[in-house]
Structure formats: structure tokens, C-alpha cells
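Here is a short briefing for a first look at this structure. Please read it with the sequence and the model side by side.

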Amino acid sequence: MSDCATQKIRFETPTALPLEAAFDGGRITSDGGLLWLAKADLQLGLCEAISEHIPEWRKRKGLHSLSSLVRQRIFQIACGYEDQNDSNSLREDPLLKVVCGSLPESGADLASQPTFSRLENAVDTRCCRQISQALFELYLRERGKDGTPEKVLLDLDATDDPTHGEQEGSYYHGYYRHHIYHPLLVFDGESGHLITALLRAGNTHASNSAVAVLKRIVGGLRDKWPKVEIEVRADAGFAVPALYDYCETEGITYTVALITNPRLEWIAEDLLAEAKEHHESVGEKAKLFSEGLYKAASWEKKRRVVYKTEAMEKGTNTRFIVSTRTDEPKALYEWYARRGESENWIKGFKVHLKADRLSCHRFIANQFRLLLHAAAYWLLDTLRRKLVASGSRRMQLDTLRLHLIKIGGRVRELFTKVRLHLASGHPGERSWCALSLAFGGVHE
């Protein structure tokens, strides 16, 4: 098929007339909701903050400013265009041009793929560290909007980003059974904010760099809010003495899952037998909780371990956590189980924002790209929070994108303004009105 933009395609219809389609509509965007991404970015100052830490690699003044390049790349990711190559077409999108500082018709087109490749390879470790700090400062500002928090819960998790070819830092991981990068993510377990995203090599243990990252976060939290109580929650990948020792030294409460071993199974043996007996006599699933003191060979002292035993039709299940919390075993375990919500946040980051699209050869370029995806996550999550605060139901980020961002519209550059014509009766219209109020807008 020809790539000619004016080629006509004919369709038969149930009506008396056939339908003829052609890509000749002119200045039309498929992402009318870009305006809200730009509005959120303006309020957060996010893209501008990131661009301040990117070195100017061009020997002569570039056609596109660094802030414009950062906006274009982050907005594209937020709209679902994670591939650099998408910019070759999107650089002419009239509304993307507007939100990046160029008029839709008379303004210059935006940057193409080669420019973004050079941009992502221009950064170094220092730049990424500064951008991470900028994201952390944004978190502190947004977290404190409703006043100084009494407690901050840090949910730590590791995830896999599949790699391909000879990428720097790519290694085969036995647990995931493919070559990966192994990012460390930290979310605020109470508010759901993404605090940081650290890229690590594929052969890195889940707990690697966790204490170093915690030191930076804890230091920043205590500088901002000296009296804030800090708590850590993590899965069994972080069950290492270095984490316990650091938390205990700093007065940080922690709850971490433990990998089952014969010694732990022996501790829970009697409780499991009781659960089996209850299941066999009643015929229903039995779930029991208890606690004990346990000292692994690598630990210098005994620590409190809470465990759960289950007996059901499918068999038995025993789980253990080590914690310095003082809750009763059942309440403590159920509180820990709520960290499953962080799995949904990771899903939003990886699946809906395509944060696993780390296809650069250089490791540090991929760390930078991971931070760009984190910035896109922040923009969409900010819009979601505003909609929820207005009374709307909470949506997954991909649903939010379809509902709010992916709206086709005609863009006209007039003498006194730029006009965006959207579809009448679009289901997202009510959300637009809600966001307009949330951002302090006025309807004409």
C-alpha cells in the first residue's frame, strides 16, 4: 500500500452510501488531552527542573531548547509513545508543538529521533543523580501540601526490565529466567507517590543499594520534617542484616518478609498442625497467626518474627515476616499484606508508562530514560489525583490516558489565539470540566 497521505480508502456501510477515508484532515491531533499534561507540568515545574541538569552537548545553538526537548520526550511517553522513533511523526503534531512552545502552523516542527538519541547519551551519572534529587524534592513538596506528615511509609521493591543484545549492565537472572536490568523502586506507601527509581545491573541482588538509597531518602525527610516517623516495608528480597542494622540504628520501624527455611518451618510446625486439624474437621480454609523469636546465622541477635499458617483444599501455606512493629500477629501480617498495593503502582509504571523500554546501549542512558518515564508517571498520576479529589473514580493510568488524553481534535492557528476543536459529546468532557476547576480555570 502506498504511504501517500492523500490516498483514499473506500468502505462499504450499512447505509445507502459508501464511506471514503483519507489522511487529509489537516492539523488534527490524536492527543487533545496534552493540554492537561502541560498544565500539570507547569504546576509541578517538572520538565523545567529536569532540563536544568542536562548538559548542552551541542557545539552550536540548537534549534530546540533543552526544556523543549525534555517536554516533548516526557509528553510523548505520557501519551503512550515510548519509542524515540515516534517523534519522527509526532514532531509535526500541532498540539504537541503548542505545548512545547511552537505554534501549530507557522512554528517550526519539533525534534526528531536522532536528536533524542543524542540527548539521552549526553547525560552522565552526575546528571542522573541531580535529576533524581529534583524528583525527590518534588515528592517532598507534594507530600507536604496538606501539612507536615506524622509518618512516612517507604515501600521498597525490585522489578525486572528485560534487556536485549549487548546492552551495558545486562545479565541473565536465574529467578526471572532472562537477561534483565534490575531497577529498585521506592514508593510512599501511604500516599502512593513515586519517590525514586534506581537502575541496577541485571546480576544485582534485590537488596543491593537499598541502604544507600534509604540513607539519602531518610536524610532528606528528616531535613524537611525533623520529627517525622519513618517506616520501611519490603519483600523477602530485602531481608538482609544490613537493612535491619541500619533501620535499628536510625530508629526506623521495619517489616520485611523472610524466605522460608527449615528452621522457620520448625517454629511454625505446631501452628500449621492446628490449622490442618481445623480445616479437616470444619472443611473450611483455616488461617492462623503467631509469633516467636528467631536468629538467622548471619544475624547478631534474635528478632521478632510473625508468621501465618494456612490449610485449605489446595494444600498448606506458611509465610514469615520480621518486624519491629508491636502490633498483634494477625493485625501486623494483614498490614504487611497491604503492600500489595505497591505492586499496582509498579504495574502502572512499567506496563502503562512502559518504564521497561530501556533500549539504549549505554547503562547510564537507560538510567536517564528510566527517570524520564518516572517524570511521565508523575504527570499522569497528578491528573489522576486531581480527578479523584473532584469526586471521580480512581482509574488505572492506561484508562486515564484513554479517557482524558487520547481525544482527537482539530487545531487551528488564528490571529489572536489557537483553537482546539474536540468531538461533541466525548465521554471525557466531564473530566475536562473537573480538571478546569481543579486547576482554578474559568469556563467561558
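Ser209 is partly exposed, with a relative accessible area of 29%; partly exposed lies between buried, under 20%, and exposed, over 50% (1.4 Å probe, protein chains only). This is a predicted model, where local features need pLDDT of at least 70, side-chain atom pairs count only at pLDDT 80 or more, and totals for chains, interfaces and linings use all residues. Residues are numbered from 1 along each chain as its sequence is written, and side-chain values use heavy atoms, with hydrogens and water left out.

**Loops and backbone**

- Ser209 sits in the loop between β9 (194–198) and α8 (210–224); helices (H or I, at least four residues) and strands (E, at least two) are DSSP runs, numbered from the N terminus.
- The phi of Ser209 is positive, near 70°, in a residue other than glycine.
- Arg177 is not a glycine either, yet has a positive phi of about 65°.
- Arg177 belongs to the loop between β6 (171–173) and β7 (178–181), and is exposed at a relative accessible area of 66%.
- Asn261 lies in the loop between β11 (253–258) and α10 (262–267), and is partly exposed at 23% relative accessibility.
- Asn261 and Phe320 are 59 residues apart in sequence, and their C-alpha atoms are 9.9 Å apart in space.

**Helix α1**

- Helix α1 covers residues 34–44, and its buried residues are Leu34, Trp36, Leu37, Ala38, Ala40, Asp41 and Leu44.
- Gly45 follows α1 and has a positive phi, near 70°.

**Nonpolar cores**

- The largest nonpolar core has 114 residues; such a core is a set of buried Ala, Val, Leu, Ile, Met, Phe, Trp, Tyr and Cys residues joined through side-chain atoms within 4.5 Å.
- Leu37, Phe75, Leu154, Leu221 and Leu383 touch the most other members of this core.
- Helix α14 (residues 363–389) gives the most to this core, with 14 residues.
- A second, separate core has nine residues, including Leu153, Val306, Tyr333 and Tyr336.
- Not counting residues up to four places away in sequence, Leu37 touches Phe75, Ala78, Cys79, Leu379, Leu380, Leu383 and Ile405; contact means heavy atoms within 4.5 Å.

**Aromatic rings**

- The structure holds 14 aromatic pairs; rings of Phe, Tyr and Trp (its six-membered ring) pair if their centres lie within 6.5 Å, with planes under 30 degrees apart stacked, over 60 edge-to-face and the rest tilted.
- Phe289 and Tyr333 form a tilted pair, at 5.9 Å centre to centre and 50° between the planes.
- This pair links distant parts of the chain, 44 residues apart: Phe289 is in strand β12 (residues 286–294) and Tyr333 in helix α12 (residues 329–337).
- Phe289 is buried at 17% relative accessible area, and Tyr333 is buried at 11%.
- One aromatic cluster is formed by Phe187, Trp345, Phe349 and Tyr377.

**Charges over rings**

- The charged end of Arg233 sits over the ring of Trp335, 4.6 Å from its centre; this requires NZ of Lys or CZ of Arg within 6 Å of the ring centre and within 35 degrees of the ring normal.
- Arg303 lies over the face of Trp299, 5.2 Å from the ring centre.
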